[in-house]
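Below is a briefing on selected side chains and their surroundings.

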Amino acid sequence: MYLGLPVIAYGVNYNRETTFGRALYFDSFKELKSLLFQIRELDREEMIGDLSKLAKKNYSWRAITKKYVKMFQSL
């Protein structure tokens with residue numbers, strides 16, 4: 001996400017949550033194979049832009065530090 005690459009992830013809840021539902025998901029080998037063959041035809045630029053922004057906002061050291069500070073201040 002942070003590198004600005006399209007994301008294809010296994011379709012479990014954890015992956016859907018951490019990519020904010022903006023990645024491509026598969027549940028079987030057949031679905032993965034299909035996504036890999038279709039990846040050039042999909043709107044990758046929009047996905048890449050969305051995921052990159054989300055990664056920088058939520059998973060940068062600055063964002064994580066702010067979340068820890070907020071958590072410890074509430075104790």
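**Surface patch, aromatic pairs and an arginine**

Phe72 is exposed, at a relative accessible area of 52%; the classes are buried under 20%, exposed over 50% and partly exposed in between, with a 1.4 Å probe and protein chains only. The model is predicted: local features need pLDDT of at least 70 and side-chain atom pairs count only at pLDDT 80 or more, while totals for chains, interfaces and linings use all residues. Residues are numbered from 1 along each chain as its sequence is written, and side-chain values use heavy atoms, with hydrogens and water left out.

**Surface patch**

- Phe72 belongs to helix α4 (residues 61-73); helices are DSSP runs of H or I with at least four residues, strands are runs of E with at least two, and both are numbered from the N terminus.
- Together, Tyr68, Met71, Phe72 and Leu75 make a nonpolar surface patch of about 500 Å².
- Patch residues have over 30% relative accessible area and no salt bridge, and nonpolar side chains (Val, Leu, Ile, Met, Phe, Trp, Tyr) are joined within 5 Å, like charges within 9 Å.
- A salt bridge here is a side-chain nitrogen of Lys or Arg within 4 Å of a carboxyl oxygen of Asp or Glu.
- Accessible areas come from the Shrake-Rupley method with a 1.4 Å probe, and for residues only the protein chains shown count as cover.

**Aromatic pairs**

- The whole structure holds three aromatic pairs, defined for rings of Phe, Tyr and Trp (its six-membered ring) with centres within 6.5 Å; planes under 30 degrees apart are stacked, over 60 edge-to-face and the rest tilted.
- One of them is the edge-to-face pair of Tyr10 and Phe26, with 5.5 Å from centre to centre and 65 degrees between the planes.
- Tyr10 is in strand β1 (residues 8-10) and Phe26 in strand β2, so this pair ties together parts 16 residues apart in sequence.
- Tyr10 is partly exposed at 42%, whereas Phe26 is buried at 14%.
- The rings of Phe20 and Tyr59 form a tilted pair, because their planes are at 40 degrees, with centres 6.3 Å apart.
- This pair links the α1-β2 loop, where Phe20 lies, to the α3-α4 loop, which holds Tyr59, 39 residues apart.
- Phe20 is not a glycine, yet has a positive phi of about 55 degrees.
- Phe20 is partly exposed at 37%, and Tyr59 is partly exposed at 36%.

**Arg44**

- Arg44 lies in helix α3 (residues 44-58) and is partly exposed, at 30% relative accessibility.
- Beyond neighbours within four places in sequence, Arg44 contacts Pro6 and Ile39, contact meaning heavy atoms within 4.5 Å.
- A polar side-chain atom of Arg44 lies 3.4 Å from the backbone oxygen of Ile39.

Definitions and conventions:
A polar contact is a pair of N or O atoms within 3.5 Å; within protein, one must be able to donate a hydrogen and the other to accept it, and residues adjacent in sequence count only if both atoms are side-chain atoms.
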